[in-house]
Amino acid sequence: MSTASSSKPVVLIAEELSPATVDALGPDFEIRTCNGADRAELIPAIADVEAILVRSATKVDAEAIAAARKLKVIARAGVGLDNVDVAAATKAGVMVVNAPTSNIVTAAELACGLLIATARNIPQANASLKGGEWKRSKYTGVELSEKTLGVVGLGRIGVLVAQRMSAFGMKIVAYDPYVQAARAAQMGVKLLTLDELLEVSDFITVHLPKTPETMGLIGEEALRKVKPEVRIVNAARGGIVDEAALASALKEGRVAAAGLDVFSKEPCTDSPLFEFDSVVATPHLGASTGEAQEKAGIAVAKSVRLALAGELVPDAVNVQGGVIAEDVRPGLPLAEKLGRIFTALAGEVAVRLDVEVYGEITQHDVKVLELSALKGVFEDTVDETVSYVNAPLFAQERGVEVRLTTSSESSEHRNVVTVRGTLSGGGEVAVSGTLAGPKHVQKIVAVGEYDVDLALADHMAFFHYTDKPGVVGTIGRILGEAGINIAGMQVSRAAAGGAAMVALTVDDTIPSQVLTEISDEIGATSARSVNLAD
């Protein structure tokens, strides 16, 4: 470890970063270095620094944060934050920044490369020729021009892929329930349902976030709806394309080829998919370019400069603790979870989103609760890190009008936060929550017109149906047969025999087929599962 005596703010670089990163920090800081992967070296090194820059090998966990008495900023030179305890940092008032857009071009270009490689058999032909074979006819491919590309997930990377492949003369269609048709049309993209996309696409590329709802989305059922000549690319997240189902489809001739950069378990060096000559596979290279690595380092270096100067940091993923009133801070995770529940219940992007805060908490500035709710709304819908700073940009990009309403009056609870959205068809979805008792227990107190009193849990489900005997028993039976334990349940209804809702918390994620079975048996008009586990 290198140290020096200086009155300048101290920045610790715990992993190897490019010289351009150090240059971007500028001359106003004392730069120290250490091997962040070595805990015995990291803990003493972090003790008196004001910022630390890491990649993925350094774990900045609660222990490291507690040891860092002067720490103000943790900077991750990359997209993911698996090695940073964001909750512990937020509690300690330490800002966390990353580089959310550093690899989007690199990731999009790799997806395009896999599309071209699967169309023209480039890796296979290369290996064959280098093996001493000249087999032109064996590697006859297909043109991209005038073919239909189905983009599953129209976030920033999906948009970049659509733009680039349209230059090849491809017709672009997309599935993304959280993007409005007008925005897609501006890009020359036609929005379809997933089933429609599966049926018409000659190529399919996946660009979704990894959530319980998207895991296995392109699975056995989906792969029985595609054209037999379809070529499927997944350079987003492992597991969104069910690898076993894809292998079966390739074996049976229901899928022509596949390009994969990500896998459900990594490192992946042995897979049934590797047995197919029609599969092009790469070892998670989506962010692996010199340019992306350099962009990430420069971006977080700039963020560190801004943060230590006390200025706005666009890539902050949390809020600096000192800015928020003590009474408001416990409401941040509640508002974020209400936003995530809203999105699960709505199943689409809202045209207008209202964040309503009622009670004595409104004597403080509660704007951050609006940002927290908005962060939750987009958390499970975009394939990017969502922060308090960029969440409003996601809303703006999707044409969502956002309003904050406050009132000091709250009839039944000390404080209540409601996330209410108007959908494109005119319908409305709303969910309200509160913090109960000295331990700030997070509770749902209303879902739309239905009053409930249910502690939030990692795994939840909501069913709307017509009130009739036996519904609770049916739900319990089906979940029991699936080995899923019910932790809590509440039934709410407008009137006997009228519209009703059951809300429940369970110990595990409810599989989609189990959710469908319950819905069919009770005649539900709506069945939604929510996963709040990090």
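**Note on helix α5 and selected residues of the predicted model**

1. The axes of helix α5 and helix α6 (residues 122-130) come within 6 Å of each other and cross at roughly 60°; axes here are lines fitted to C-alpha atoms, for helices over the stretch in contact, and angles run from 0 to 180 degrees between N-to-C directions. That angle makes α5 oblique to α6, where angles under 35 degrees count as roughly parallel, over 145 as roughly antiparallel, 65 to 115 as roughly perpendicular and the rest as oblique. Helices (H or I, at least four residues) and strands (E, at least two) are DSSP runs, numbered from the N terminus.

2. This is a predicted model, in which local features need pLDDT of at least 70 and side-chain atom pairs count only at pLDDT 80 or more, while totals for chains, interfaces and linings use all residues. Residues are numbered from 1 along each chain as its sequence is written, and side-chain values use heavy atoms, with hydrogens and water left out.

3. The contact between α5 and α6 is made by Ile 116, Ala 117 and Arg 120 of α5 and by Ile 122, Pro 123 and Gln 124 of α6, contact meaning heavy atoms within 4.5 Å. By class, four of these residues are nonpolar, one is polar and one is charged. Ala, Val, Leu, Ile, Met, Phe, Trp, Tyr, Cys and Pro count as nonpolar, Asp, Glu, Lys and Arg as charged, and the others, Gly among them, as polar.

4. Asn 121 lies in the loop between α5 and α6. Although Asn 121 is not a glycine, its phi is positive, about 55°. Asn 121 is buried, with a relative accessible area of 13%; buried means under 20% relative accessible area, exposed over 50%, and partly exposed in between (1.4 Å probe, protein chains only).

5. Helix α5 comprises 17 residues (104-120), which at 1.5 Å a residue should span 24 Å; the end C-alpha atoms are 24 Å apart, in agreement. The expected span is 1.5 Å times one less than the number of residues. Twelve of the 17 residues of α5 are buried, so the helix is largely enclosed by the rest of the structure. Among them are Ile 104, Leu 110, Cys 112, Leu 114 and Thr 118.

6. Helix α5 also packs against helix α7 (residues 156-166), at an angle of about 50° and with the axes 9 Å apart. The two helices are therefore oblique to each other. Residues in the contact include Ile 104, Ala 108 and Leu 115 of α5, and Ile 157, Leu 160 and Met 165 of α7. The residues of this contact divide into eleven nonpolar, no polar and three charged.

7. Val 530 belongs to strand β22 (residues 526-531) and is buried, with a relative accessible area of 5%. Its C-alpha atom is separated by 8.1 Å from that of Leu 345, 185 residues apart along the chain. Leaving aside neighbours within four places in sequence, Val 530 is in contact with Ile 341, Ala 344, Asp 458, His 459, Met 460 and Phe 462.

8. Two further loop residues deserve a remark. Pro 267 lies in the loop between β11 (257-260) and β12 (279-281), and the peptide bond from Glu 266 to Pro 267 is cis, with omega near 0°. His 440, in the loop between β16 (428-436) and β17 (441-447), has a positive phi near 55° while being a residue other than glycine. His 440 is partly exposed, with a relative accessible area of 40%.
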